[in-house]
Amino acid sequence: MNQYTAHPMPEKYILEHLYYEKDLTQVEVGRVFNVSQKVVFGWFKKLGVKSRVAKKRDQRGDKNSSWKGDIASYEAFHKRVYSLRGSPSVCEECGTTESKNYDWANITGKYEDVNDYKRMCRSCHAKYDNKVKNITVHRLICGSGGL
Ligand SMILES: [Zn+2]
């Protein structure tokens with residue numbers, strides 16, 4: 001075990017998604033997974049994610065203007081699902097309406113897309129989490145942590 005393997009390495013595509021599409025810095029990517037920039041750099045090297053030349057924030061396009069680049073933004077996306085689609089009261093997995101707790105569970109990792117969420121009861125959400133690839137991110141945002 002060293003500093004690069006002490007933390008479970010995320011899938012390459014989520015790192016690329018955050019780094020290229022979301023335009024996060026390596027430091028910000030690190031913040032998402034609660035690791036240092038050094039660890040992120042190590043992951044990139046290992047997975048072959050090419051580091052880009054540092055660019056200034058003010059050169060970002062409008063499409064990224066709402067993106068703050070930290071976990072708080074993800075949480076804001078998640079909250080937006082509740083405000084736009086309401087609080088779930090039925091499970092789309094098992095169909096129950098008897099559960100005490102329902103969550104909006106993200107499906108494919110597009111946390112910014114309000115349509116990429118499914119209503120789930122707490123127990124289906126917990127089962128679903130076992131299949132989620134980016135469990136670190138998913139837990140941080142959709143947190144079925146109440147279990
Ligand atoms: Zn269910």
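A salt bridge is taken here as a side-chain nitrogen of Lys or Arg within 4 Å of a carboxyl oxygen of Asp or Glu. In this predicted model, Asp 103 and Arg 122 form such a pair, with their closest N and O atoms 2.6 Å apart.

Glu 92 is partly exposed, at 39% relative accessibility. Arg 119 is also partly exposed, at 24%. Glu 93 forms a salt bridge with Lys 118, and the closest N and O atoms are 2.8 Å apart. Glu 93 belongs to the loop between α4 and β1 and Lys 118 to strand β2, so this pair ties together parts 25 residues apart in sequence. The relative accessible area of Glu 93 is 40%, which makes it partly exposed. Lys 118 counts as partly exposed at 26%.

A zinc ion is coordinated by the SG atoms of Cys 91, Cys 94, Cys 121 and Cys 124, at 2.3 to 2.4 Å. The donors follow the spacing C-x2-C-x26-C-x2-C along the chain. The four donor atoms subtend angles of 104 to 116 degrees, so the arrangement is tetrahedral. Cys 91 is buried, with a relative accessible area of 2%. Cys 121 is buried too, at 4%. Cys 94, at 47% relative accessibility, is partly exposed.

Nonpolar packing was examined next. The largest nonpolar core holds 24 residues, of which Leu 18, Val 29, Phe 33, Trp 43 and Tyr 74 touch the most other members. Two or more residues of this core come from each of α1, α2 (26–33), α3 (37–47), α4 (71–85) and α6 (135–142). Another core, of eight residues, lies apart from it and includes Cys 91, Tyr 102, Ala 105 and Cys 124.

In helix α1 (residues 12–21), the buried residues are Ile 14, Leu 15, His 17, Leu 18 and Tyr 19. Just after α1, Asp 23 takes a positive phi of about 65 degrees.

Definitions and conventions:
Residues numbered from 1 in each chain as written. Predicted model: local features only at pLDDT ≥ 70, side-chain atom pairs only at ≥ 80, totals over all residues. Heavy atoms only, no water. Donors = N, O, S within 2.8 Å, 3.2 Å for Na, K, Ca; no water. Tetrahedral: all angles 85-135°; square planar, octahedral: opposite > 155°, others 65-115°. Buried < 20%, exposed > 50% of the residue type's maximum accessible area, 1.4 Å probe, protein only. Helix = DSSP H or I, 4+ residues; strand = E, 2+ residues; numbered from the N terminus. Core = buried A, V, L, I, M, F, W, Y, C linked by side-chain atoms within 4.5 Å.
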